Amino acid sequence: MSDTSKPMDPTRRQFITKAGGAAGAAAIAPGVFLTTPAQAKPADQPVSNDKRWGILVDANKCGNGCNACVTACEEENGWGSANPSEDHSSPEQKAHWIRKVTIKDKATQHVTTLPMMCQHCENPPCVDVCPTGASFKREDGIVLVDKHICIGCRYCMMACPYKARSFIHEDLKDQKPWAPRGKGTVESCTMCVHRVDEDGTPACVEACNAETHKAMVFGDLYDENSEISRELKQYGGKEIRADLNLNTGVRYRGI
Amino acid sequence: MSQTKLLMRLFALMIGALLLLPLAATADEDEGEDEKDPLPFSDLVITEPARRFSEETGCVAPEAEMRRNHMEYILHQRDETMHEGIRTRQYSLEECINCHAVKDEQGEYVRVEDERHFCATCHTYASVKIDCFQCHSDVPVRASKLRKLQSGLAPHHSTEPFAGKLASETVQLLTNEDQAQ
């Protein structure tokens, strides 16, 4: 109450200075953000298009016969060998969030292997064709399926040039809380969105680095100083089916 | 003609008596019994949902509010998490399960098919079929992260009553679980 009895501050400059000081104090007051890394997103903040997540795969470093990325993905997201609920589905029907593809050049007999998964396109055909809006792209470029809305029509599976999506044919049990999956919906690689939101790295990239192949790099494509951006700038990286102009988030080298 | 009229009157009386009879009978019964009518499906055994919150702290919202509107909280959280990557734990389905999970005699968490499962206790009674657990886990898988509310790391919805207030015993319990794993 004593404040109101004081005369109003006459100068605009002083007012601005005080307001600036108050704003600075408010920003420091929570204290929480000072201890967290600069790039970590607070749990209550939505993702923004300031970032675009991507993965760079070096096919020359990718180990022939190594399946670490696939196994890691299965373990992390509870599909394939990590979830025995799908034992009645035929191999063609089973989930394949990520799979190893082997290419042989007929002229030179050179064999290349690479992991193939959702390429997280900037212009995803799966989103274009989805009749319900279940297939969508997050602000940060990660393409996902909202299984609450998915009706299982599988148009997106037809539209995807990378055969990245699969359909769940059976009743499932023991899903991971961070990767819900259920019968009658389409699914694909989520770029381990639950890890990324908590400033983590996708399981496949982590496993590849643990195997010392170091064929995969994960990072922000919009950040010039990120490892993936520097690698791409220096050595370049190819899109698979670049002719489709999808601007994929997953890039390859050595193909 | 008068005979026909008489017959018709008699017939009308009989019909009337027949119609009134059940009403009279029920009235008699009501007078005789002063117990309340049993609830529908009263033969169904309803087990008391297991609680891990004390009376004064309650759930993430007051109990009456949660009973009526828990689905709204979960739905709200679901869309925010799915589309915007907002991963606060307070109203997440995983934390519901982490807190309310019930164990059987063998010390195993009961599945949602079991009528002792926290969600099933009410939904079986009310004949509400929920789809949540076709995709989501119905038992705890990893330790609760709700402790973060204590240090104010999850300020989302913090203006609402009971936000960030967990009983010290709950915090202790969750901490012990963390250490055990």
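A polar contact is a pair of N or O atoms within 3.5 Å; within protein, one must be able to donate a hydrogen and the other to accept it, and residues adjacent in sequence count only if both atoms are side-chain atoms. The model is predicted, with local features needing pLDDT of at least 70 and side-chain atom pairs pLDDT 80 or more, while totals for chains, interfaces and linings use all residues. Residues are numbered from 1 along each chain as its sequence is written, chains are lettered from A in the order in which they are written, and side-chain values use heavy atoms, without hydrogens and water.

**View 1. Polar contacts and a salt bridge between chain A and chain B.** Across this interface, 10 residue pairs are in polar contact, both at pLDDT 80 or more. The interface also holds 4 salt bridges (a side-chain nitrogen of Lys or Arg within 4 Å of a carboxyl oxygen of Asp or Glu). In the salt bridge of B:Arg87 with A:Asp197, the closest N and O atoms are 2.6 Å apart.

**View 2. The contact of chain A with chain B.** Chain A gives 27 residues and chain B 25 residues to the contact (heavy atoms within 4.5 Å).

**View 3. The ring pair A:Trp79 and A:Trp97.** Over all chains there are 3 aromatic pairs (rings of Phe, Tyr and Trp, its six-membered ring, with centres within 6.5 Å; planes under 30 degrees apart are stacked, over 60 edge-to-face, the rest tilted). The centres of A:Trp79 and A:Trp97 are 6.4 Å apart and their planes at 15°, so this pair is stacked. A:Trp79 is buried at 3% relative accessible area (buried means under 20%, exposed over 50%, partly exposed in between; 1.4 Å probe, protein chains only). A:Trp97 is also buried, at 2%.
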